[in-house]
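Hello,

Here is the structure I promised to pass on. Have a look at it first, and then read my notes below.

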Amino acid sequence: MLGQLAEQRANWVKEHHFTIQGPVNIQELCRAFARERLVRVENFLSFSDLELLQSEAMSNLPRMVFSYIPTHKKGHTLSYENIQRHARNCVGLYHSDELREWVSSIAGIPVFPTPDGDQSSLSLLCYREAGDHINWHYDHNFYRGRHFTVLLSLANESPHGGVSKSKLMRKTSKGEESIDTSANVLVLFEGAKVLHRASPTDEGDLRIMLSMTFCTDSRISPLKEIARRVKDTAFFGLRALWD
Ligand SMILES: [Fe+2]
């Protein structure tokens with residue numbers, strides 16, 4: 001089934017070409033990433049591209065699966081498998097040459113989408129009920145190469161105007177830092193080296209992130225493959241063990 005979906009997506013990638021607006025000074029971003037292991041870019045996509053992804057995300061809200069792990073996380077997620085079925089433009093962006101080349105240029109090393117069997121490769125994360133959050137963590141790297149996380153904010157709003165109470169935060173040697181993830185902000189970071197969390201939402205907030213992972217070498221040992229599947233159950237349930 002994953003093979004069939006992978007064949008279909010080659011057409012979706014061709015169907016729509018995304019316009020990455022991004023900042024002009026790529027070299028400056030590249031230096032910042034080497035120093036900080038995290039960069040943030042505003043107005044990443046053109047407005048029409050953002051709207052396309054936003055409407056896909058909103059139409060998939062009823063399909064998102066609720067997960068709750070006391071003290072660690074609470075929220076809704078759309079799995080890679082369901083994104084492939086119901087959000088072809090999200091798949092198109094993830095597998096586009098434009099995004100892969102952009103991430104490679106900032107990371108300073110060629111990167112590739114992580115494997116289809118990894119449910120965390122591409123997911124929609126939705127924080128929409130009071131108290132939705134994910135606590136401090138590193139993104140575990142199960143692969144032989146380096147591993148990068150890209151978060152593209154598709155929606156971030158409060159019923160009172162402005163952005164939601166849910167903030168992307170990281171810990172550095174200087175303390176905690178809040179990273180603005182207004183809609184159309186993209187954050188690229190090396191999650192195995194950046195301690196981060198999403199703080200809790202307030203009543204009526206809506207925050208939707210398209211989460212995409214890339215790696216430099218997707219080979220994985222059998223033991224780490226088992227560990228990766230166990231980790232996926234936290235977001236996607238027990239099916240992640242055998243899917
Ligand atoms: Fe994370």
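Predicted model: local features only at pLDDT ≥ 70, side-chain atom pairs only at ≥ 80, totals over all residues.

The ring search gave 4 aromatic pairs, where rings of Phe, Tyr and Trp (its six-membered ring) pair if their centres lie within 6.5 Å, and planes under 30 degrees apart count as stacked, over 60 as edge-to-face and the rest as tilted. One of them is edge-to-face and joins Tyr80 and Tyr94, at 6.2 Å centre to centre and 80° between the planes. Tyr80 sits in helix α4 (residues 80-86) and Tyr94 in helix α5 (residues 88-94), so this pair ties together parts 14 residues apart in sequence.

Tyr94 also forms an edge-to-face pair with Phe214, at 5.3 Å and 65°. Phe214 belongs to strand β12 (residues 206-215), so here the parts tied together are 120 residues apart in sequence.

Residues are numbered from 1 along each chain as its sequence is written, and side-chain values use heavy atoms, leaving out hydrogens and water.

As for the whole chain, buried residues make up 49% of its 243 residues, and its C-alpha trace spans about 45 × 40 × 40 Å along the principal axes.

Best wishes

Notes: Buried < 20%, exposed > 50% of the residue type's maximum accessible area, 1.4 Å probe, protein only. Helix = DSSP H or I, 4+ residues; strand = E, 2+ residues; numbered from the N terminus.
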